[in-house]
Amino acid sequence: MSYDPPRPVGRLLLTPEDRDAPERVRRLRLLGLGERAEPAFDAFADRLAEVASVPYAMVTFIDENRQFFAGLHTPQRPEKPQGATAVFGNGRYLARDQGFCPHVVVRRKALVLEDVADYPRFAGNPIVDDYGVRSYLGAPLIDRTGIALGTVCVLDVRPRPWGRGGLETIKSMAAELTAQIEGREAFP
């Protein structure tokens, strides 16, 4: 397996360098994650969307090349925001150089973007222009080995004041899902 480091775009580095990617992929394979959608993860994403009152929610696992939405909640009839070129959530995969979840995994900390337009580093991300995403809230799924396997996140096509309550909620839900994931593994 090879991993190409992130590419600079102008003065911005859109995707952070991810030195843990090979180990994450091994761990995801051991746990049987990141290759197929699962009803339990879709149900979790549905619950995330309901709790946050947003149109989009995901359980995302990240390998060296892409993000996989193992759990996905989208509106039944998603609308294309004005200026967007596509509708977000049309598939289960997104390139690793798009979106915000790769930043959460590498940082190993939650990320709150109430309005991505306020952050030059993130405003140039392809999902902003292509899909009209304006707000993001995500937290890492860090398992017992210390590896950040992926994220739980919510998105909106409008700016959202997440506040401390939103941050605490997404972190709590990430911890809950991490415990469920660890339940898949038989401990020695």
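**Close-up views of a predicted model**

**View 1. Helices H1 and H6 against the strands.** H1 lies across E3 and E8 and runs at about 90 degrees to E8, whereas H6 lies across E3, E6, E7 and E8 and runs at about 35 degrees to E7. Contact here means heavy atoms within 4.5 Å, and the axes are lines fitted to C-alpha atoms, for helices over the stretch in contact, with angles from 0 to 180 degrees between N-to-C directions. Helices (H or I, at least four residues) and strands (E, at least two) are DSSP runs numbered from the N terminus. This is a predicted model, in which local features need pLDDT of at least 70 and side-chain atom pairs count only at pLDDT 80 or more, while totals for chains, interfaces and linings use all residues. Residues are numbered from 1 along each chain as its sequence is written, and side-chain values use heavy atoms, with hydrogens and water left out.

**View 2. The open six-stranded sheet.** The strands follow the order E5-E4-E3-E8-E7-E6 with antiparallel pairing, two strands being paired if DSSP finds at least two bridges between them. E5 and strand E6 (111-113) stand at the edges with a single partner strand each, so one side of each is left without a neighbour in the sheet. From one strand to the next, the twist averages 25 degrees. The antiparallel strands E3 and E4 are joined by six bridges, and Phe-61 stands opposite Phe-68 in E4.

**View 3. The largest nonpolar core.** A nonpolar core is a set of buried Ala, Val, Leu, Ile, Met, Phe, Trp, Tyr and Cys residues joined through side-chain atoms within 4.5 Å, where buried means under 20% relative accessible area, exposed over 50% and partly exposed in between (1.4 Å probe, protein chains only). Among the 28 residues of the largest such core, Phe-61, Val-152 and Ile-181 touch the most other members. The largest share, six residues, comes from H2. Leaving aside residues up to four places away in sequence, Ile-181 touches Leu-31, Leu-33, Phe-41, Phe-61, Leu-141 and Leu-149. Another core, of 22 residues, lies apart from it and includes Leu-72, Phe-100, Val-116 and Ile-127.

**View 4. Aromatic pairs.** Four aromatic pairs are found in the whole structure, with rings of Phe, Tyr and Trp (its six-membered ring) pairing if their centres lie within 6.5 Å, and planes under 30 degrees apart counting as stacked, over 60 as edge-to-face and the rest as tilted. Phe-68 and Tyr-93 form a tilted pair, 5.0 Å centre to centre with 45 degrees between the planes. This pair links distant parts of the chain, since Phe-68 is in strand E4 (residues 66-73) and Tyr-93 in strand E5 (residues 93-95), 25 residues apart. Phe-68 counts as buried because its relative accessibility is 4%, whereas Tyr-93, at 41%, counts as partly exposed.
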